[in-house]
Amino acid sequence: MTLKRSAIGLLVLLAARAHAATDPSFLLHADAVNFADYFPGQLGNGYASVLTAPRGTEDTPAYLVAFMDRTPGDMARPAVVPAWSGIDYRTGNGHWLNHAPLDAAHFRHYRQTLDMYDGTLRTHYRFDDGGRSTGIDVTSLVSQASPHLAASQLTITPHFDGLVRLSFALDAWAPHRPRFALAKLDGEQVNKALAAHHLTLQPVAPATPDRAALWYPGTTEVIKRGGDRRQLTLWLDGRAAHGANMAEAVAVSLPQGVQPVSTRLKRDGNHFALELVLKLRSNRHYRLTKFVAVSRQGWGGDAHADLALALRARTQGFAALLRAQQDAWHALWRSDVVIDGDPAAQRIVHADLYYLLSNVTPATGWATGACGMTPGYAGHVFWDSDSWVFPALLLLHPRRAESLVMFRARTLPAAEARARARGLRGAMYPWEADPDNGSSQTPYSAHVLDETEIHVDADIALAQWQYYLASGDRAWLTRHGWPVIRALADFWVSRASYDPVHHRYGILHVTSVQENHNDIPNDTYTNASARRALQIASAAAAVVGVKPDPRWAEVASGLYLPFSTRDDRYLAFDPSVPQGPGSDTAGSLPLLSYPSLDLPMRPSVRRHDYAIAAAELAPRKDLNSMALAPLSIAAATVDDTRAAADWFQRNLQAHVIKPPFDVRTETPTNNTGYFLTASGGFLQNLEFGFTGLRIRARGLVAAYPPVLPAGWSRLTLKHVSFRGRHYDISVRPAPDGKATLSMTLLSSARSTSP
């Protein structure tokens, strides 16, 4: 009986795998038609990432988690590590593959597929050059199962007999020039420096961010390198400029029975490669694999250790590495957001979740930058990590969400030192934090934000408490979350000012979450989130068995939230700040309904807040893509299904989704891609906005009626994790035309109400 059940289970598992692997929502394709518009995708596992390229064999930028160049005078920025992806091929006296013109004459029958379900990139084409033709098939991965490993398997099918050359490289990148002292230059000086080098803050190619002239990568210096042409290996030790150490190693496998005619190690400046000459026969398939191992200080060993890993992977073979990769990604996709009735939305949901999973580590103390492991926003950690990315991962991938809150716990001493330096109590986290050590890395041109856009301190407290509520882990709260929450509450008590005229507390000299309003009193989002942070501190004290500071409750209860009794709605900030048409005075109000804050208010106030914000923002065509999710969520809280769906659909528009791999950019008019902030907001739109769910002390609560856009037959959150249990949560149409929410406990298949 047991054997029969196991066999049936295996057949079901294999059938599910086969179905999911062919689900088009997991498959993103590039073809020769869109070479000119090719925006690179990404292969990554949270620790290491590499960008894709059309041929599948090029040297492309690769990054390691929180691996920063800290050159004095500049702000810290991600150090691009020596390129490990390069495999080059030449048939005779023609072009090397990676230097041949990228056109239909040289690349025929072209197809590249990013398989997000398997975590692989496969590229197939026929390479015609120098009168010879070769079938090329490349499969590449960065391993989720063995995070130090990556690999590319190249299958060549020559349509001729003869000698070919192959090159397997570990190429260092030259330092970026020019480099600016962004830690010292104000805005006007930055503009002058750009002009002096004939640079502009505009995209110059489809994959170039508008601020590429300032968001260039940092440098990795190669300390030593070597290889063994007989063992077909390469290795190097390196160091980020004024930063941490790193290492890489390569082991190459040849087709069975094939011996090189010749091998050599080629060193030429930054180029370092193992070059082979092989004798091939026409119309036979030859598979060669480049196994790569990478590490950085604090994560793995040196080049010697990496070489051992690469050699072990070569011994086990590419098929074993690929199977482990597929199994690891398939396990991640057990937790998913499934939309029935909207294939376009489903595909983009999978892309957003794929990029989040590729850029966030599980169960570490590393956070992620607003643009993940890329130079976008210089890799710095903003409030985006706590308020946008963290909540999107919390229910689906809590081990990755944990890393984001643990980053704040790990860097608490740096935040406490910043507060002391300003005569404040508690902890003052930076506006832009180094993802490794938590130090402030805000460029001088934006230093005012580092001092006054302090709502980041409240956003961090909200995330710490949400993690505790979702995990129920009192030991974690006592050891890690509570020290952060307590320090943040102390900060708000020391930062708030008492107004004896109105008998209330205010927070003065802040930059609003709408950043064009600077040095103002009483930004409503800041005050509301600070109040919540103080309330959280008192609640957390009760959980860990500590007496709360009575000043926390005193300041929280007296903190002023600007409100218009005439209009029955909140104001975005103090009424003393000039407000009127065109002044962006309501755009932040939807954040009051954002899931982690969810400010309690009367239904009429919620409706009026949403209405004024929607009226102000609806005509704008250049909305930042992170602004759309709060609007959709706010519409859902007032049970306006049509508006919630309309705002959601605006987040699917092609001008913020770059082909061919659905990379999300920040706005329609720039190319700041891999914008994980908006990806997190987009997923929260589904997980919390359309379901109406909120995380509260009493559990996962249906706080608002669920909504389901027209044409959708079902929305399902699969394998949600909450307090040690797993659920499937579904929103379906109800007979009355509304929507209904159901929650199924997977361990007993018992249907419940959340």
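How many cavities of 30 Å³ or more does a search of the whole structure find? It finds five. A cavity is a set of points, on a 1 Å grid over the protein atoms alone, where a 1.4 Å probe fits but cannot get out. A volume is the space filled by probe spheres set on the points, which are joined across faces, edges and corners. The model is predicted: local features need pLDDT of at least 70, side-chain atom pairs count only at pLDDT 80 or more, and totals for chains, interfaces and linings use all residues. Residues are numbered from 1 along each chain as its sequence is written, and side-chain values use heavy atoms, without hydrogens and water.

The largest cavity has a volume of about 190 Å³. Its lining holds 22 residues (an atom within 4 Å of a point). Val-50, Gly-56, Ser-85, Ser-140 and Ser-152 are the closest to its centre. Strand β10 gives the largest share of this lining, four residues. Strands here are DSSP runs (E, at least two residues), numbered from the N terminus.

The second largest cavity has a volume of about 110 Å³. Among its 15 lining residues, Ala-66, Gly-372, Met-373, Gly-379 and Pro-435 are the closest to the centre.

Now the pockets. A pocket is an open set with protein on both sides within 12 Å along at least five of seven lines.

Of its 31 lining residues, Leu-51, Pro-61, Tyr-63, Ala-207 and Pro-375 are the closest to its centre.
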